[in-house]
Amino acid sequence: MNSEGMKPSVTTSGSTDDDAIETRFTAFCKNGLSLEEKACSNAMKLFKETKHLLSSNVSAIGSGTLEEAERFWFSFVLYSFKRLSEKIGENKQHESDESGFSLCHILRATKLNIVDFFKELPQFVVKAGPVLSNMYGEDWESKLEAKEMQANFVHLSLISKSFKRAFWELFLASDANVDKQQNANSSPDYLSDCHRFGWLLFLALRVHAFSRFKDLVTCANGFVSILVILIIHVPIRFRNFKISDTPRFVKKGDKGIDLLASLCNMYDASEDDLRKTMEMANKLIEDILRKKPCPAAECKMETLENIDTDGLIYFEGLMEEQSLSSCLNILEKDYDDAICNKGDLDERVFVNEEDSLLGLGSLSGGAMNVTGIKRKLDSMASPSKSISSPLSPQRPPATHVNGVLGSPSAKMAATPVSTAMTTAKWLRSVICPLPSKPSAELQCFLSSCDKDVTNDVICRAHIILEAIFPRNHERSATGSLQSVNLMDNIWMEQRRLEALKLYYRVLEAMCTAEVQILHAVNLTSLLTNERFHRCMLACSAELVLATHKTATMLFPTVLERTGITAFDLSKVIESFIRHEESLPRELRRHLNSLEERLLESMVWSKGSSMYNSLIVARPSLSAEINRLGLLAEPMPLLDAIAMHVNSSGGTPPVSTLQKHETSTGQNGDVRSPMRPCAEFRSVLIERNAFTSPVKDRLLALSNLKKAPLQSAFASPTRPNPGGGGETCAEIGINIFFSKINKLAAIRINGMVERLQLSQQIRESLYHLFQQILIQRTSLFFNRHIDQIILCCFYVVAKISQLRLTFKEIICNYRKQPQCKPQVFQSVFINRSSARPSGRTGQDNIDIIAFYNEIFIPAVKPLLGELGSAGTTTRTSRVAEANNSNDGPCPGSPKVSPFPNLPDMSPKKVSATHNVYVSPLRTSKMDALISHSSRSYYACVGESTRAFQSPSKDLTAINNHLNGSRKIRGALNFDDIDVGLVSDSMVANSLYLQNGSCTSSSGAPLKSEQPES
């Protein structure tokens, strides 16, 4: 199937003959990449093992043409070969063959761009995963580093935009500030060279100082340090500001402008971190460019006038036009040497203005628009009502521009970089000052248990956080690598401390709340629960990682390194949000979207501890759970984790740790709780960074009964401490099912509104989904809940005699914010017996095949009740329910009517006019309303006159529009020739993001109709 459509997989013939396609691949390697014979031969081994996958999936790649699919497949194979062969040492054997062989070389030769490459790569990863595993080992995915490279690309896209914007605001030359005797024609060339010099120096910082942990916050500090160097070295005739009277530099002292403090004020950067980054940048200039450093206080240069020079270093002649060219050549060669033998992305592409290579599309179904102004890095986004949770700590109004140099009064929209820096400021100012040990209040709770568990809690925290943030014990004689390792260890230690302090803070708040719920001070059951503490530590570490936006330690790293599962983590997210009141909005959104991701698929994956509870709560499902080998392995012992941390400086995969577990699992399939490769997800979701005002919403599920945390983490077979005769597993599964139903209700509602279906249809859809969850639970095993929802839409449409095709359902689903093409392209099945196709065993098929082969036979007995529920049906087609073991059990959640959902916004208030109403938060108001268009908007809560009613505001706005003042274009809401804009367009415009999942190809959907 096509990545953007539902075309059937085809097996081509003739032109895709094995010999012919191998010949084309060999020619491409030799002619397109100039590889020598040995390199071509090694690459051909991987190609031969995967070429059958290309022939059977042509229509699922790109636009579905054979020629384009081949180019994509060539690029996937060569990228994988390069990355994986160098990891196992093959590169050393034929280094000369592949010198300079990078991802950008591959993409230029195949005439593809980076965005399209990363959009299509997940399909190759899913399909070729078994082949890559056999050839390169089970850890091939971690060695491939595809997700990390994609995250790196996203971060650099954002940083390069911020750097470019800041640079040209600082140094945009004009006649007013360029010396008249200076040749004006040379100014743009010189400034362009300065811009390139700044970017290359920034890349040198990343290569020689930042190492693996190229997180967005560290990179932002890096580009701010480059701005400082440029400001004090670029001749003042090229400045677009006057240092003494500009509102940009607000930190002043007796000695003049405090340049670093002023830039930190603009970018919410840490002055201490910026000074350390400045030291590294200055050292690079001294070592690489061979420039002699001089304390700026001893220099009498024009560029240093009115600047406090204490602590600044000046390099004489650094930015002189005569020497700038040689500096650029040196930095270019240094970068070439750093990446020549790696398959990494050539990061100079961002300053080369290679739009054809960067791409104009969006990553991951709208996750990032590389060249657009409006961006989002959270494809869970939805323009829905959000919790009113202002960023803490509060910032004074209009103190400075968020991430953009300019007048403080001209406040601009927050950028992803400025959002990250603001969130990091919270961590720095609220969490870092806290003690790195339990407070007196927390120690009181810990010592009030049956035995004092203070030492146990402290010891566990250090072991687990050391596993999540391991030390780098590599040794090297080269100064550069030693410096890099030192920076790695410093970075890790800082992150460990931040996570530790956050853990203690939230743990104390949770204990306080738990005491109030239980009316007892003794919390032994909770505070001695190993899984609970690991979940808390994992959640704290994930928030620290989300704050810094690392390109490497992506979710679910914290699960793998702590030995917990997605289901475990989902139990603490709500409590974590509720008990840390100062948590910034961006981090609340991160946890909410993370919970949504856990619920939609990860908790249903093989190895989830949810199955260990489900098998107790629903014994009738035990046979199927055991047949599929879904149970989670026992959690690795703390001693085993500690042993590996101490011996290797890090932690191996959980499956390795489990070998040291004294107990054995309930099935023989050793399975770490990490997701399968079939769930290769965009890193833009994993490192949810710059989210929309998403659904800050309901996954807190305030309408659910608040059960004590100790019952959530108690043994599944233990009786509920609250009484009622239920086990803890039954209580936990009921709460989990309630969350699943709530999430499904939101997604059903979004699709119903988009398809303009009736409320009766919505009720039928929700009713059927609940019935399937309760009585056909096994349909969810190893699957995504959206796959079930899509099938529900089609079967309800058939029963209700609606003219709604699967093509229309999928087209509308692609516009949903959570859409991932893999959802309808690859559905897990496990054929227990021979089917008409003759296949048995596990497989992945498209949604239509799943509907016909699996879904309809399973749910047909449930459709009779759906018909009697009030929809227009053909009930004679429905058979009676069979004696399935997959039925409800006593205590299962009862089917409920469609729940009340938060008002979705923007809400269309007219069926015929382009009129939308949306609550507008203060944080978005200035972003949406520029000075030139402010009079066009009605903002309830912000009056156009003091003490004036909203009705008078609207009257005033109408008078503005109907007056004689000239405006740029007519606003006509009643012109019948003007088509209504789509809801998704409005959502994208209002929330400064590109949330559309529109198709990039017009390929038709699969033509055959599903069985009904």
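## Surface and overall make-up

The protein exposes about 41,300 Å², and carbon and sulfur atoms supply 51% of that area. Please keep in mind as you read that this is a predicted model. Of the 1012 residues in the protein, 57% are buried.

As for secondary structure, the protein has 40 helices and 10 strands. Taking the contacts in the protein with a separation of 6 or more, 77% of them are between residues 24 or more positions apart.

## Nonpolar cores

The largest nonpolar core has 139 residues, and those touching the most other members are Phe469, Leu569, Trp604, Ile772, Phe793, Phe850 and Phe855. At least three residues of this core come from domain 3 (416-604), and at least three from domain 4 (757-831 + 842-865). Another core, apart from this one, has 129 residues, including Met44, Phe153, Ala166 and Trp199.

Leaving aside neighbours within four places in sequence, phenylalanine 850 is in contact with Leu779, Arg783, Ile788, Cys791, Val827, Ile829, Ile845 and Phe855.

## Salt bridges

Side chains of opposite charge can pair when their charged atoms come close. In this structure there are 35 salt bridges. One of them links aspartate 337 to lysine 333, with the closest N and O atoms 3.1 Å apart. These two residues sit 4 residues apart in helix H14 (residues 321-339), so about one helical turn separates them. Aspartate 337 is partly exposed, at 48% relative accessibility, and lysine 333 is exposed, with a relative accessible area of 53%.

Another salt bridge joins the side chains of arginine 496 and glutamate 466, at 3.7 Å from N to O. Because arginine 496 lies in helix H19 (residues 479-518) and glutamate 466 in helix H18 (residues 454-468), this pair ties together parts that are 30 residues apart in sequence. Both ends are buried: arginine 496 has 7% relative accessibility, and glutamate 466 has a relative accessible area of 15%.

## A longer sequence link and a network

Which helices does the salt bridge between glutamate 595 and lysine 739 tie together? The side chains of these two residues meet at 3.1 Å, N to O. Glutamate 595 belongs to helix H24 (residues 585-600) and lysine 739 to helix H31 (residues 728-755), so the link connects parts 144 residues apart in sequence. Glutamate 595 and lysine 739 are both buried.

Salt bridges can also share partners, and in this way Arg196, Glu332, Asp336, Asp346 and Arg348 are joined into one network.

## Helix H12 and its cover

Helix H12 (residues 259-267) is mostly covered, with 8 of its 9 residues buried. The buried residues in H12 are Leu259, Leu260, Ala261, Ser262, Leu263, Cys264, Met266 and Tyr267.

What covers these buried residues? Helices H9 (146-171), H11 (216-233), H13 (271-288) and H16 (416-431) take part, as does strand E2 (256-257). Aspartate 268 follows H12 and has a positive phi, near 55°.

## Threonine 218

Helix H11, one of the elements covering H12, contains threonine 218. Threonine 218 is buried, with a relative accessible area of 16%. Not counting residues up to four places away in sequence, threonine 218 touches Phe210 and Trp491. The side chain of threonine 218 is also joined to that of aspartate 215 by a polar contact of 2.5 Å.

How far apart are the C-alpha atoms of threonine 218 and threonine 550? They are separated by 9.1 Å, while along the chain the two residues are 332 residues apart.

## Backbone features in loops

A cis peptide bond runs from phenylalanine 555 to proline 556, with omega near 15°. Proline 556 is placed in the loop between helix H21 (530-548) and helix H22 (557-562).

Glutamate 145 is not a glycine, yet its phi is positive, at about 55°. Glutamate 145 is found in the loop between helix H8 (140-144) and H9, and at 26% relative accessibility it counts as partly exposed. Histidine 519, again a residue other than glycine, has a positive phi near 55°. Histidine 519 lies in the loop between H19 and helix H20 (524-527) and is exposed, with a relative accessible area of 74%.

Note on methods:
Residues are numbered from 1 along each chain as its sequence is written. This is a predicted model: local features need pLDDT of at least 70, side-chain atom pairs count only at pLDDT 80 or more; totals for chains, interfaces and linings use all residues. Side-chain values use heavy atoms; hydrogens and water are left out. A salt bridge is a side-chain nitrogen of Lys or Arg within 4 Å of a carboxyl oxygen of Asp or Glu. Buried means under 20% relative accessible area, exposed over 50%, partly exposed in between (1.4 Å probe, protein chains only). A nonpolar core is a set of buried Ala, Val, Leu, Ile, Met, Phe, Trp, Tyr and Cys residues joined through side-chain atoms within 4.5 Å. Domain bounds come from an automatic or database domain assignment. Contact means heavy atoms within 4.5 Å. Accessible areas come from the Shrake-Rupley method with a 1.4 Å probe; for residues, only the protein chains shown count as cover. A polar contact is a pair of N or O atoms within 3.5 Å; within protein, one must be able to donate a hydrogen and the other to accept it, and residues adjacent in sequence count only if both atoms are side-chain atoms.
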